[in-house]
Structures are given as structure tokens and as C-alpha cells.
Amino acid sequence: MFELSFIWAGIIAFAVLTYVVLDGFDLGVGILFPLADGEREKATMMNSIAPIWDGNETWLVLGGGGLFAVFPLAYAVIMPALYMPIILMLLALIFRGVAFEYRWRTERWKPVWDVAFFGGSLVAAFMQGIALGALVQGIEIADRAYAGGWWDWLSLFSVLTGLAVVVGYALLGATWIIMKTEGSLQRQMQNYAWWLGAGTLGFIGVVSIMTPFQDPEYFDRWLNLPGSIFSVLMPGAVLAAAWALFTGLNAGKDNQPFLAAVSIFVLCFIGIGISFYPNIVPPSLTIVEAAAPDKSLRFALVGTVVLVPMILGYTAYAYWVFRGKIDPAEGYH
Amino acid sequence: MFDSMTAETLARMQFAFTVSFHIIFPAFSIGLASYLAVLNGLWLRTRDETYLTLFNYWKKIFAVAFGMGVVSGIVMSYQFGTNWSVFSDKTGPVLGPLMAYEVLSAFFLEAGFLGIMLFGRERVGDKLHMFATAMVAFGTLMSATWILSVNSWMQTPAGYSINELGQFVPEDWWQIVFNPSFPYRLVHMVLAAYLTTALVVGGVGGLHLLRSREDAPARRMFSMAMWMLIVVAPLQIAAGDFHGINTLEHQPAKVMAMEGHYDSHPDGAPLILFGIPNPAEKRIDYAIQIPQASSLILKHEWGAPLDGLDTIPDEDEPPVAIVFWSFRVMVGLGFAMLGLGAWSLLRRMRGRLYEDRWLQRAAIAMGPMGFVAVLAGWVTTEVGRQPFTVYGLLRTSDSLAPVAAPAVAASLLAFIVVYFFVFGAGTFYLLRMMNKPAGTVHLGLKDGPIRTAGITPILQTNPDAIPGE
């Protein structure tokens, strides 16, 4: 059956995935920032994302705003349930975002904004991972409202997903810098990316094994037909992407490691989607139940169908304008 | 610190605090984006380098202010859910799509073209650069349009019905978007943003004129700002009058609170200029008033009857004292802006626009007053909507998320600390930039990278360079 709400679930999922990949490498660069060797490398790292971070972060606003628009009930349930991680993420993003500007405005306080850039990136990534884990665990709902406790989001599982996202984002960041730089910084990042890639795969393994035990429905889905087909296919695909990552790193390729790291993220995201479907908020709120009336979905869809391709177009153009390797010397004169 | 307060009070404080901080940046960047587009257009047309100098000067200031607006705005888009989830669930079907349109048609546009506007001139050429600059300005106006439509719908809801779950559901999108107070509020706010920017630009121009009367960019920006004031301030006062009449029609209780009319006036209401609202006794103490003037302003008729708050049930009454005062602050500042504009016009006609020291000092003093007026205006309209979130239909107390007071208190405290720290530092940097003359080559560090804002000049040699110099 033609269901508007499913189209919208796909659009929201696309927005969130786009956010995770794009701001993922931004935040990853921030997480790796303290490892830079001296001011020149710091400036190069920050400058590699400075032209685009703002647009990347806008996908997060679309994720939140879109959820409010088309799945208001999901929005109304998820936000109070994840109150603390969300607030901490927002505060962290404030520090991260202003650091881009402030760092160049002061000599005395530069170290402060460097810490803000690193700390903001780290905390935002960790909180996003915790939010993901808490969502996978499931959110208790009664009478169209969050019915759980204030610390439900905190568990061994959510801390693990938090760490997984931090390491994964750092991998994205490292491979991004490999793509955008050359010389010693690139070599340094190739070295980090190797370890971060291994760490990411380890976390994916642990989280994947734990996930079926978070909810019996996940267990059935992944261990019985037809879902068990994915249980074979997905790890295979992730391993293929990992192979591309490591061979690309060993061969000193510019773009392949980044594309491989992005593929790993996309595959994990698809895996989460398989677990969730047809729910939008596990364990009990379905996509259809959470959706706004068709009139709202249709009105918002008309503009989305026109505007999102345009957004993708001019975003791609902006990336293209600022393409190529960053030459650290050109930041100075 | 917040022990005795309810979750509702705390959540309201948190929203008021974060939204007040946030509105300061868009109020400035909406006007400044348009100003930048005008400056760039004038530079391309006349090739007068003063315009380019001003463009390069204000674009750096814009970038810092815009960055602060972005990060404080993201908080807003999530706070609806964290603290006001019942409101979100109920109004989401109507308001959500409007906000989604704001993100899609405004935020992406601004973010996408900002980089090219700030540092892409040499990479894309003059024409595309002008296009990018215009897109950023257009994006800020689109953003204002959608978010004011949302706010106006909360003030004057239309085009909806209520379903069996208690949700507002859309019936007619045209009526929802163009709800009765929207056109008035949009015009009033966009003009306010233009005035705010004109005052800042005028204040900065005045400051540098005080230091050097021959500073060409300072003369140019001062002159442009003063023209803007004398044109826009009267328009704004007229727009405010129309907006007030519209509010009287749709939200009479708000106007009663603004006017301080506790009692009905069947034979024509006086305009209370000043006085001390006394909520306990339901009267204005020490009132200085002009007989019949309120009826004249609101009904444009001598002796027209006006109802007072005695016709409104107590539980539906907005907090009178706050609305009464904030309204007077806004109106007073509006007339002060008009006065500054008129003064500058007189001096200009005598050919002494750049000579009058006191005019420059007054412009500096008025520099931040646009922000004060914008905040006072928003306090008037938002507090005046209380005790409802959706006027007359959804009470604020019924909009709250199932949040515990300690959680809201902790996050409120965190927001206060972080905002004062982060935006305090940002404001300090902005003022330090404005303190330098427009001709300054570097507004940032002396030997730092040549990037002053969100964007990196990767290939560009020097964005501060002025071609032909």
C-alpha cells in the first residue's frame, strides 16, 4: 500500500544518515584535533572543514525539525526520554561551533577555544552515540508521552554505542584529513586511521552481538528467516568495506579510505533500520502511529521533493568550489 | 537556587532565556545580510572602493554573529521536544511542516551560500558571488517569514481542526500560513531587524567619525544608516499601529495589558503614558494619561468604547505589569529612533551631517537600542499571549513535557552559564572588531590565518585585499 508515512520515514532516515556522515567527519576532525602537531597542522585541520561544517550541521536541524513536522509523537517521546544526552549534545555543539570563529579572534584565549573545539566535538559525538543506544534499547511510552525514568538512557549498552560513535567519527575524520592533506599530517592520519578502523570494527562487532538481546523482536528478526539472510549479508558487506579501508590505507590512496569509512557507516545505518522497522521508536511506536495526518505529510512532501534536490545540488557546488588539498602555507601570508 | 520552582516555571524561564539570546543574532543578521547585498551591489555598479571596504568589514562581523545565531538556533529546534513535548505532539501536524520549510528553504540556503559569499569572490567571479550574497540575504528573510508564520499561528490560530487525540490538524494551509496576525508581525519584525542593523551601523559609523571626520568608509556607513533610520522608523511606527489594531481584534486581553486598562471605558479610553501597575488592586497607580487618546489610536475614533481586563476571567489574564512596561520600552525606543533619524536629516540638509559631535554620540548611544526594542517587543507579544501557548486553545501549563523540575533546573543552569560565557566572549570579539576602523586590513589576529569567519580561503591569497590598491 502506498503510505506517505513510509516515504517520510525514508526521508528522515536519509537526513539523519546525511548528518551522521557529514557532521561525523567534522566532529571526527575535532576529536583528533589535539593530536595535531603544532599550530600549522591545527589550522590545516580546522580549515579543511571550516567552509562546510555549518551546512553539515543543518542536516541535524532537518532531522529534528522534520521529526517534529511529520512524526510529532515520536519527537514528543524521544526528546524527553533522551533529555540529558540531547541537552549535553546541544551545549557541546555550541562550543564546537563558535570555536571556528573565536579561535582566530584572540591570542590569549586561543587554547581555550581549542579545548572547546575538541571537547565540544568529543562530547557531541559521545552523546549522539548514547542517544542511539538508548533508542535501540527502547523507550517506554504511556498515554502518548515518555513514561520511563530520568536515567533510563544510561546503560552499559548505550555507553558502548557512545564509544563506538566516537571512534567511528574519529575514523571518518582521519580519512577525511587523508583526503584533504598531504605530507606529514596525512601520514600521521593514515597511521591513526588504521587503529581507528580496527577499533570501529571491534565496536561494531560487540554492539551487533548485543543488539539482538536488547529486545526479543530484534532477536527474532536477525536469527530467523528472512532476516537471518541479512545476518549473513551485512557482516560480509561490512568486511568488504573494511578490506577496502585497510588496503586503501596501506596503498596510500587519497580517497578510498574515506569512501570505505562512509560505506561502513551506511551499512551500520541500514542494519539499525532493519532492526527498527516498522517501528520508529522501539519497542512499540510504529511509523504509522507516530505520523502526522496525511494532510501535513503531503504539504511538507511537496516542498521537500523540490527543495532537497536543490539543496543537494548547491551543497555539492559549495564542496566543489572549495575542493582539493588544503595547502597550509596558503592559510598564512 | 531553583528549589522552590515548578518544572513549568523553570521550563518557561529556560525557553525565555534561550529564545531571548537567540533572537538577538537573527535580528542583527537579517538586516546585515540585506545591507551586505546592497553594499556588494553598489560596489559592482559604481566600482567605488568605499563600498567594497564596507562590504569586507561588515561581512566579517556578519560571520561571527551568524555563527552565534546558528548554534543558539539549534537549541531552539530541540527544546520544543525536550521541555514542551505535549505542545509538540499537539501542534506538530500544523507547525511542524512550517518549520521544516524554514529549514529547507532558509537554513540550507544560508549555510550553502555563506561560504561562497565570505571567501569565494575570486573563485566564482563577481556575478556568482553577488548571487550568493543575495541568496544569503534571501535566506534570512525566508527564515523570518516561516518562523513568524509559526509564531503568528500560535497567536492567532486559523485553518485547523482538532482531532480525537487532541491534536491540531491542518484544514487549510493557506489560512494557517497566512493567519490573521502574520502579515503584520512579519512586516513589524523585518522592519525591526532593519532598524536594529541601521542603529548598529550608525553607531559604529558615529564612533569612527568621532575619531576622524575624514574617515571615508565611516562617513559612508553613517550616512547610509541615517537615511535608513529616517525612512524606516516612521514606517515602523505605522506598522506597529496596524499591528496593534490587529491585536486588538484578535487578542484583546493582550492590548488591555499593554494599555494598562484594568477597567472598561464605555465612553472612550485614556492613553496611559506612565504609571505603576498594581495587580493586587487591579489598577494603575500614579497614572499620567491623555484622555480619549487610546480610543483614538486603537479605534481611530473619539469616544470609542474599549473593554478592560474586567471583562476577562482572571485565569485567562496575561501578567499585566511585564507587558505594560515592555510595551512602553519598545514604543519609547521607537520614537527615539525616529528622533535620531530626524535630527540627522536636519543636519544633513544643512550640510553638517559629519560635523555634529553630539549627533555622533547620540548614534553611538542608540547603537544597541534596536536589540533592546526587539526584546521588549517580543516580551510584549509573548507574555501578552499567556497563559496560553496557542492563544485561547492550549494553555501553557498543558503544553509541558513530563519533565522533572531538577532536570529542567540543571539544564537551565547549564544554559545560563554556557550562554553568558560563550556569547559574552562572542559579543566582546564583535565589539572589538567594530572598534577598528573599516579600512583595517585584519580584524582578527595580526599574524593569524586570513580567515575571519566560517570559511577558509583555500586558494585565495588575501580576502582583505582591495583590488586596485
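Q: Domain bounds come from an automatic or database domain assignment; how far apart do the C-alpha centres of domain 1 and domain 2 of chain B lie?
A: This is a predicted model, where local features need pLDDT of at least 70, side-chain atom pairs count only at pLDDT 80 or more, and totals for chains, interfaces and linings use all residues. Residues are numbered from 1 along each chain as its sequence is written, while chains are lettered from A and ligands numbered from 1 in the order in which they are written. In chain B, domain 1 covers 1–179 + 404–469 and domain 2 covers 184–262 + 293–394. The distance between their C-alpha centres is 21 Å.

Q: Which element gives the most to the side of domain 1 of chain B that touches domain 2 of chain B?
A: The contact (C-beta atoms, placed from the backbone, within 7 Å) takes 30 residues from domain 1 of chain B and 32 residues from domain 2 of chain B. On the domain 1 side, α1 (7–46), α2, α3 and α4 of chain B give two or more residues each; these are DSSP runs, numbered from the N terminus, with at least four residues for helices (H or I) and at least two for strands (E). With nine residues, the element that gives the most is α1(B).

Q: How many charged residues are on the side of domain 1 of chain B that touches domain 2 of chain B?
A: Ala, Val, Leu, Ile, Met, Phe, Trp, Tyr, Cys and Pro count as nonpolar, Asp, Glu, Lys and Arg as charged, and the others, Gly among them, as polar. This side has 18 nonpolar and eleven polar residues, and its charged residues number one.

Q: Which element gives the most to the side of chain B that touches chain A?
A: Now look at the two chains. Their contact takes 67 residues from chain B and 65 residues from chain A. In chain B, α2 (49–83), α3 (85–119), α4 (121–155), β2 (168–170) and α13 (405–434) each supply at least two residues. With 21 residues, the element that gives the most is α3(B).

Q: Why is α1(A) oblique to α6(A), and at roughly what angle do they cross?
A: Axes are lines fitted to C-alpha atoms, for helices over the stretch in contact, and angles run from 0 to 180 degrees between N-to-C directions. Angles under 35 degrees count as roughly parallel, over 145 as roughly antiparallel, 65 to 115 as roughly perpendicular and the rest as oblique. The axes of α1 (4–32) and α6 (110–137) of chain A come within 7 Å. The pair is therefore oblique, as the axes cross at roughly 130°.

Q: Is the crossing of α8(A) and α10(A) left-handed or right-handed?
A: The axes of α8 (184–210) and α10 (227–250) of chain A come within 10 Å and cross at roughly 170°. These helices are therefore roughly antiparallel. A crossing is left-handed if the near helix is turned anticlockwise from the far one by less than a right angle, and right-handed if clockwise. The crossing of α8(A) and α10(A) is left-handed.

Q: In β4(B), which residue is the bridge partner of B:Pro277?
A: Two strands pair if DSSP finds at least two bridges between them. Six bridges join β3 (271–278) to β4 (283–290) of chain B, and these strands run antiparallel. They form a hairpin with four residues between them, and B:Lys282 in the turn has a positive phi of about 55°. B:Asn278 stands opposite B:Arg283, and B:Pro277 has as its partner B:Ile284.

Q: Where is A:Pro278 found?
A: The peptide bond from A:Tyr277 to A:Pro278 is cis, with omega near 0°. A:Pro278 lies in the loop between α11 (256–276) and β3 (279–281) of chain A.

Definitions and conventions. Contact = placed C-beta atoms within 7 Å. Domains from an automatic or database assignment.
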